[in-house]
Amino acid sequence: MRLLLPFSSPLSATSSPATPQFIPELPPPSQFDYFALTKILKKSVIGTLTGALSLTLVFSSPISSVAATNDPYLSLNPPSSSFESSLNHFDSSPEDCPNEEEADTEMQDDDFKPQLVTNEGIVEEAWEIVNGAFLDTRSHSWTPETWQKQKDDILASPIKSRSKAHEVIKKMLASLGDQYTRFLSPDEFSRMSKYDITGIGINLREVSDGGGNVKLKVLGLVLDSPADIAGVKQGDEILAVNGIDVSGKSSFEVSSLLQGPSKTFVVLKVKHGKCGPVKSLKIQRQVNALTPVSYRLEKVDNGTVSVGYIRLKEFNALARKDLVIAMKRLQDKGASYFVMDLRDNLGGLVQAGIETAKLFLDEGDTVIYTAGRDTEAQKTVVSDKKPLITAPLIVMVNSRTASASEIVASALHDNCKAVLVGERTYGKGLIQSVYELRDGSGVVVTIGKYVTPNHMDINGGGIEPDFRNLPAWDEVKERLSKCNILQRS
């Protein structure tokens, strides 16, 4: 039995050519109506369901199993233990290798048994998620003690209906005073879960092989999706995409390779478990992300200087790949300076923003810090490759530059790779995870925040630009030179 999986935003589910477009004139900033959600896992509360997405649906641990319900989501719940237990099933030693049919039966029988829940159990499940993962970034008035008292008060009386349980959860979450922590009805959760950045209906995860190397495995599979129909199985290891060996590539990079125009084909080489056969499967894509990149070459200073202008409307699965194509084409046309326009870019996939920032940073440069209550949320993201370009860069921002866009802007600014021009950014630097409750509803919970390489908290205040209006390129070079001298001193 298969899980309902985490996918990208609705903006990914449109059909259009998956290549950046060269445009003759500056486009007006486009507007998008969502902020990225990202994931950092809280092991004591949730399983190890991860993927390439910032919009991540994380399944919580079961709390109780008492009363029956007819909700179809019951058949989609993961096991009570970490999901890695089912992945480890595929990593058995050669002498213990079950045959393929036995492996599938064992997973279905043992790992995905329906679990029953009471109205009180649903409320307690939501309470436990907040108790284990919530980060109070505003008033710092939240404490485990007051949260425990609220639970005791709520459960002192029986909750007589599921709708009443949902109302209780809404009020409970509202009491936290965090605008991003909220309840999702089963319909809302279902709509959120149906977006797919691969275009073929799978979610990938990087899994350690125990020897210091990483494998890419199919963490989840959408029932009746193109990948499912073609024969991909949950737990499969991905070996190659269209003949390209994916060893050492991240789940985000491989998800981008899988993307392409709707109705085109991709060939996926997979291994069914550690002991299973290797197969090449031809899969027809069903949806593809709309390219967020548009670009053009500008001549300035009486035609003596060529400037590459690139607009990024959002950070989706194609952002990094199409940005690389645009920059290389502009370089081939003679661009010696670059402008990256992030105005009105409200974010998207946070991992896409991180991968985009790395294109401009030196190896070892800090992209962003994450902070949270749990050590799993306390991370430093560092660039691991040389920059694609070293030319002077202007990043244009405004009050609608938010979330993943602010990660990119701050990373390039604090590492002396770009100057910021425009208005103070929005100030959306919180990290949310989306958790499914066992009746098919869900909760979105703030679990962490982003801190810039210069240790500035993005959330609330935003990022102040260096210039309000476009400066001369000599001024840009001088500013970046001074920044680098101060950074080295």
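**Close-up views of a predicted model**

View 1. In α8, the buried residues are Ser251, Phe252, Glu253, Val254, Ser255, Ser256 and Leu258; buried means under 20% relative accessible area, exposed over 50%, and partly exposed in between (1.4 Å probe, protein chains only). Because seven of the eight residues of α8 (residues 251–258) are buried, the helix is largely enclosed by the rest of the structure. Its buried residues pack against β4 (202–208), β5 (214–221), β6 (237–241), β8 (265–271), α9 (319–332) and α10 (350–358), where contact means heavy atoms within 4.5 Å. Helices (H or I, at least four residues) and strands (E, at least two) are DSSP runs, numbered from the N terminus. This is a predicted model, with local features needing pLDDT of at least 70 and side-chain atom pairs counting only at pLDDT 80 or more, while totals for chains, interfaces and linings use all residues. Residues are numbered from 1 along each chain as its sequence is written, and side-chain values use heavy atoms, leaving out hydrogens and water.

**View 2. Strand β11, covered on both faces.** All eight of the eight residues in β11 (residues 305–312) are buried. Val305, Val307, Tyr309 and Arg311 point one way, and Ser306, Gly308, Ile310 and Leu312 point the other.

**View 3. The neighbours of β11.** On one side there's β10 (residues 293–300), pairing antiparallel with β11 over eight bridges; two strands pair if DSSP finds at least two bridges between them. Look for Ser294, whose bridge partner in β11 is Arg311. The two strands form a hairpin with four residues between them, and Asp301 in the turn has a positive phi of about 55°. Strand β12 (residues 337–341) runs parallel to β11, joined by five bridges, and here Gly308 stands opposite Phe338.

View 4. The structure holds four aromatic pairs (rings of Phe, Tyr and Trp, the last by its six-membered ring, with centres within 6.5 Å; planes under 30 degrees apart are stacked, over 60 edge-to-face, the rest tilted). Trp127 and Trp147 are stacked, 6.3 Å centre to centre with 5° between the planes. Trp127 belongs to helix α3 (residues 119–133) and Trp147 to helix α4 (residues 144–154), 20 residues apart. Both are buried, Trp127 at 3% relative accessible area and Trp147 at 1%. Ring pairs link Trp127, Phe134, Trp142 and Trp147 into a cluster.
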